[in-house]
Amino acid sequence: MAERSIIVTQSYGTVVLHLREMLESRGMNRNQLASAIHVNFAVVDRWYRGKVEKLDLDILARICYVLDCEVSELLEYRADAEKQG
């Protein structure tokens, strides 16, 4: 008889990126930021759309430097609703 296994997933919340808001508040666009931090547009666009799967800490540091902001202004942790309730 074959072994059976059950996959258990746990919801642990999410991290929300606020680059769009940060750029708008500073009157800067994605092309300008990409040029300022020396990456291609696609990298900044993924951050802008919140589609980053793995954070590159060097890019995060560059963004904070150019936008003169703290990491906590760009990233927000939101706990799962079940965990909060």
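Modeller: Of the 85 residues of the protein chain, 28% count as buried, meaning under 20% relative accessible area, with exposed being over 50% and partly exposed in between (1.4 Å probe, protein chains only). This is a predicted model, in which local features need pLDDT of at least 70, side-chain atom pairs count only at pLDDT 80 or more, and totals for chains, interfaces and linings use all residues. Residues are numbered from 1 along each chain as its sequence is written, and side-chain values use heavy atoms, with hydrogens and water left out.

The protein chain has 6 helices and 2 strands, in the order β-α-α-α-α-α-β-α along the sequence; these are DSSP runs numbered from the N terminus (helices H or I, at least four residues; strands E, at least two). Its radius of gyration is 17 Å, whereas a compact globule of 85 residues would have one near 12 Å (taken over C-alpha atoms; the globule rule is 2.2 Å times the number of residues to the power 0.38). The C-alpha trace spans about 60 × 35 × 20 Å along its principal axes.

Now the loops. H38 sits between α2 (30-37) and α3 (41-49). Although H38 is not a glycine, its phi is positive, about 60 degrees. H38 is exposed, at a relative accessible area of 69%. D68 belongs to the loop between α4 (57-67) and α5 (71-74). D68 is not a glycine either, yet has a positive phi of about 50 degrees. D68 is exposed, with 65% relative accessibility.
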